[in-house]
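I opened this entry to record what I looked up. The notes follow the order of my searches.

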Amino acid sequence: MMASSYNAKEEDGHHSGSVGPGGAGAVKSRKPDNTAFKQQRLPAWQPILTAGTVLPAFFVIGLIFIPIGIGLFVTSNNIKEFEIDYTGMDPDSPCNMCINSTTPCRCSIPFTLEQPFENNVFMYYGLSNFYQNHRRYVKSRDDSQLNGDKSSLLYPSKECEPYRTRNGLPVAPCGAIANSLFNDTLELIYYYPNKSSMSIPLVKTGIAWWTDTHVKFRNPGGNNNLTAAFKGTTKPENWQNPVYELDPTNPENNGFVNEDFIVWMRTAALPTFRKLYRIIQKKKDNLTPTLPPGNYTLEITYNYPVISFDGHKRMILSTISWMGGKNPFLGIAYITVGSVCFFLGVVLLIIHHKFGNRNNNADIPN
Amino acid sequence: MSYKYANNAIKTSKYNLLTFLPLNLFEQFQRLANAYFLCLLILQPLSSFLLKKISSLAWFTTVVPLLLVLSMTAAKDASDDINRHRSDRQVNNRKVEVLLNGELKSEKWMNVQVGDIIKLESNQFVTADLLLLSSSEPLNLVYIETAELDGETNLKVKQALTVTGDMGDSIEQLSAFDGEVRCEPPNNRLDKFTGNLTFQSHTYALDNEKILLRGCTLRNTEWCFGLVIFGGQDTKLMQNCGKTMFKRTSIDHLMNVLVLCIFGFLVFMCTVLAIGKGIWEYQDGSVFTVFLPRQNGANAAFSAFLTFWSYVIILNTVVPISLYVSVEIIRLGNSYYIDWDRKMYHTNSDTPAQARTTTLNEELGQIKYIFSDKTGTLTQNIMTFNKCSINGRSYGDVLDFTGQRMEITEKTEHVDFSWNRLADPKFRFHDLSLLEAVKQGSAEVQAFFRLLALCHTVMPEEKKEGELVYQAQSPDEGALVTAARNFGFVFKARTPESIEVIEMGTSITYELLAVLDFNNVRKRMSVIVRSPEGKLTLYCKGADTIIYERLHPSCSKLMEVTTEHLNEYAGDGLRTLVLAYKDLDEEYFEEWRLRHHAASTSLEDREEKLDAIYEEIEKELQLLGASAVEDKLQDGVPQTIEQLAKADIKIWVLTGDKQETAENIGYSCNMLREEMKEVFTVAANTAEEVKEELLNARRKMCPGSSDDPPFLKSGILAKKSLVVEDEKVDGEYGLVINGHSLAFALQEDLRLELLRTACMCQAVICCRVTPLQKAQVVELVKQHKKAVTLAIGDGANDVSMIKVAHIGVGISGQEGMQAVLSSDYSFAQFRYLQRLLLVHGRWSYLRMCKFLCYFFYKNFTFTFVHFWYGFFCGFSAQTVYDEWFITLYNLVYTALPVLGLSLFDQDVNDRWSFQYPQLYGPGQLNMYFSARAFVGCLMHSCYSSLVLFFIPYAAIHDTVRDDGKDIADYQSFALLAQTCLLVAVNMQLGLDTFYWTAVNQFFLWGSMSVYFAVSFTMYSNGMYLIFPSSFPFIGVARNSLNQPNVWLTVFLTSILCVLPVLAYRFLRLQLKPNINDKVQTHTHTHTHCNKNCSRFITKQETGTRRSGYAFSHARGYGDLVTSGGFLRRPIKTRPALFMRSSAAGSPVAESSPQMYRTIPENQQL
């Protein structure tokens, strides 16, 4: 092309031309530098979409996704999960009587496990239609206070309104989240085949994130003498006990570092959620399953009101795997996407064969 | 008098110190987006104070970028204006001598007042519009160069009134001068002035001949005095300078519209969410009060109202302010590339290209119409004697050993004229055989050059001994006489009765008996001379068709050969003249001479009679040969024009030149081509005729076209201006229109007709146009065509069109700088235009479009996720992402990769861009970024945001970590969603990038790493312990990013986002590939193409046989030369011009348009 040859001419001319005959004393030429960057000639990789790259990509993605999906699906299916709704909306439900009770009310729900639950079994409570992710709800806490800051303990952040002070005293812990702490008590009783019963030991600790229990949440003035540390504050309106008496059995598990409290304070992303309540540790002998099949009773101390907002309460028993709890979605999604990919690959291949060649070889109009 | 005279100071600057801030801010807030951000800015703090925390974003997320944008733009405007101030000051402070209180004082230009008398000296610029009073030259003449006004470099003559001229340089008389001038109000017509001077109770008429206009330069005149009539802004020069306009690109306009649309869309989304909130409050919220009491006194309706505003703030990221910062940075970067381009650097003048405006780059990729000046832009305004045909033999071509024509380059050996002491050293001729013929004394060759040395009206000037300078009315004549001079026939001097020629070293004086001057009808000129031996000869030169009719029958054989040569020359775009002579015998001549005298003194029909007399003697001529003069084009002009034409850019040449010259250049630079079906010429004298000719042309091109212009149906948002649709035409046509007709055609009722006809043609040439007409033509196209215009020129006469066009380009490196100063881009050579448009423009446009598409995509996707989340968080305006992520997303995480994309991306490299100029097409049609593309972008974002919200939602729903602990909490979900988003948008970026440089890679991977590094840092123990309330996300990164299902989710979402795009693009490639796809595929398969393949040589077609000729003459000095008896100034330092004292209608300036056509009708080819 002529244009290029012109350019070339100039490029050639540069070596002799631009440096004037004056030599050292010559005026500096205003010729731009010849760098790859300034001349936009940076070396570059220029991939383009061709049948040779796109079609194999589709097939490879398909081939990778389907096995992953199957793996995930199988893993998810191997997880054992058992769920009971104990809200008591159904008039036949044993907990129905507790719905309108204002005093603590106990009810028990019998259930049967068909299959043994092995390894550690995790016990969750689940709530639904509970907007823990509402903006005003999420904000309604004071992280400084929860981190043990003494001034925030006595002067909680404004974010906590209207649960900031009560009767003129600062609320500890303040805010709507703390105030709505889940306070049902759940226990499991196993009935041996010989009708004798045994209360299943439930572990209360180790249910929250390590970072939460050790960094994010701290008691003011350490864990000694919590009563004194929380002096001058009052308990949230809905609580039965002050924060330093949350776990009468374990003094280490009191105050802001109480793990039930910490779990609750980690607000859920969605209005239906489950939270870890207790852990049932596997038997030491490893021979008998953690929860053998048989009859059980769930003993509930029913305190938490959900009926008013049409909420539901569930108790869930679940084992876990490397990929967490039971959730078949990922497996199904992977299988679906993989198959679609494969299918698309075939369709595109056909299209490419039918139309591709014609267009690829088509001349560029001049 | 009530009229307030302007003083002579000019002001082109826009602001001063006081007005800068308010005016500039006002201008900036006219930009819709800036106003939008200002609103948001007010809304945010307002909302947080009045409405109690409806915002979850900090106020500084908007204010800092806004200030940044405003101050960056303001700084640029300020520096531009400082430059203008500086150049104004420089002009205003020039010194001139003013006659004050009886003495000459040096004064600054700006202090010159209307009514002052000033003295100008040679080579000075004319200070203001002056009435010429007196001059040093005889007959009160002055010579001026008007290059700054109309681009013509040949000298023009002005003459003062005798009554004022008599004052000479007598200071007493001049100070006592008390004449009164009455004239028309200031206007912009350069060729017209009416007024009268009352002096000593006599009234004298004043016309344009007595006026010196500001911007001209005084030449060859020792001094002159003038009376200031108009100063400063009132001068015709300034009246001709269009207003400096604030130029915006069409993408800017589109963006303004889009911002409005987006704003509407935002309001729509917020309304949906607010309604949702109302319903939610009514159904769920009211019962959820157990755990989350209502705000004070807020009922469902009021909280819906609050939610609306909360969402306005949260979702405002659809148009983040960083968009504007990035756009400015991209434009700046692409402007620097232009400055840095070595291929647009001109070595000879040491001028690199310069992007003087940094905001118009992408427009360079959308040019549809180019308006070009001719002189100095397309041509160098140098005429060279290039070829000749003498006695049937053609000289001038250089042949190689095989007899093939060789291309003449700088290195080709040229004829050595050192034997000739008087030769012009600048003259170059390459054919050695011609000189040999001269030296061998070939009679025809000698006669040929003798004719050239005798038959002309050139004035010689011998400044130093042996240093001849010719002063020619037209550069063509100068070239011919110079050629004769170099070949040993030196035209030395002339008197009214004689011509002195040095023939091969010996001085011979011919007696000049008659000059039969050139005019438009005759198209030839002759001289009758008597040689020292007493031989009477008539020498004639003129247009081929005219001379051929008057040849002696014996020449018919020679005629055939010469015609062949003529066709060849014309095909090369040369201007040809045929030369002939005739020996006269004494008696006949004496008799003729008497009749001639009688005719020239007759009172009736003198012209006709003279013509008849001339006709009589110019008969039975002997053919000598033909000369061919090249109007030298700038380097590479034809190739550039051809390239631009291939890119479907229409080129209009607007020139102050004569029609023939312009047309000839049109052919020689490939604008007008032989393949064209027809070239229409509009040269009429009344509006009706013009209309008729335009209509005829249009009917011919498109018989079916309706009488009413086809207006484009424009949307509601489009302005009232009527946009004329393009009409389809078969074949290529050209249009030539002269200044007179253009003036009619630009009138209100004919404008559209002109536009329609002209736009159907491939090439349009307008000649004899004034600067303002240039601007009007550009304005016409700009107003009524939905197209981007570019004006290119080099002189002050191009300033107005440069200012009016969307993009103005100035040719720098020449003397005048006005064009460059008001231009947006400047470079040294016209040929760089193709690189500016086809490479830089195209890339800039492509990059900008890619940038916008991607930027909108990434921000819509980002924002829509909030929208979907609204349905699951009780419409509470809870954000999906961490507040820090929202702040940093546009500023840090995604800023650099997209900048890398829009600064480095190239679809194909520059060489392929040149090879396939068609790649330029999509830009003209606005294909890459339009309202449609925007909607596509919106849909794509919608899909992506659905994937990016619902896949994490489903994946995290009711699930737990691999140790049974929580992962479905809000913070982990936020981290998951933002990671998915970032990976997905970066994958999309990867798909959009064609050109992966190391920098792109670094930016992309760097940004991803920075994201993870920043996340881990901000979610670390340390940060939390220092600022517990600012960094509540402690530990989230550690606790969730070690989960396999988190990564599986990220992988799944990004694949799902990318796959459909990939499939769509592949399908498009297979089924409906566009030009880019094709060229890319092509280049991909030819990556190892060697140099030859990309530089196939398009040789200029030299074989086109077009019998054309141009005589770029105005009527010469013939009258003056023969009407001797006056003024015999010895030939010394200045050109001696012999003028009749009654030179009322001085023939010199009679450069009226010439109406004959040079395209012969016999288009047998």
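**Core and salt bridges**

I looked up the largest nonpolar core and found 204 residues, those with the most contacts inside it being A:F111, A:F130, A:W264, A:L317, B:L852, B:F856 and B:Y869. Such a core is a set of buried Ala, Val, Leu, Ile, Met, Phe, Trp, Tyr and Cys residues joined through side-chain atoms within 4.5 Å. Buried means under 20% relative accessible area, exposed over 50%, and partly exposed in between (1.4 Å probe, protein chains only). Helix α26 (residues 832–870) of chain B gives the most to this core, with 17 residues. Helices (H or I, at least four residues) and strands (E, at least two) are DSSP runs, numbered from the N terminus.

The model is predicted: local features need pLDDT of at least 70, side-chain atom pairs count only at pLDDT 80 or more, and totals for chains, interfaces and linings use all residues. Residues are numbered from 1 along each chain as its sequence is written, chains are lettered from A and ligands numbered from 1 in the order in which they are written, and side-chain values use heavy atoms, with hydrogens and water left out.

Next I searched for salt bridges (a side-chain nitrogen of Lys or Arg within 4 Å of a carboxyl oxygen of Asp or Glu). I noted one between B:D969 and A:R266, at 2.5 Å, N to O. B:D969 lies in the loop between α31 (931–956) and α32 of chain B, and A:R266 in the loop between α9 (259–265) and β9 (273–280) of chain A, so the pair joins two chains. B:D969 is buried at 0% relative accessible area, and A:R266 is buried at 6%.
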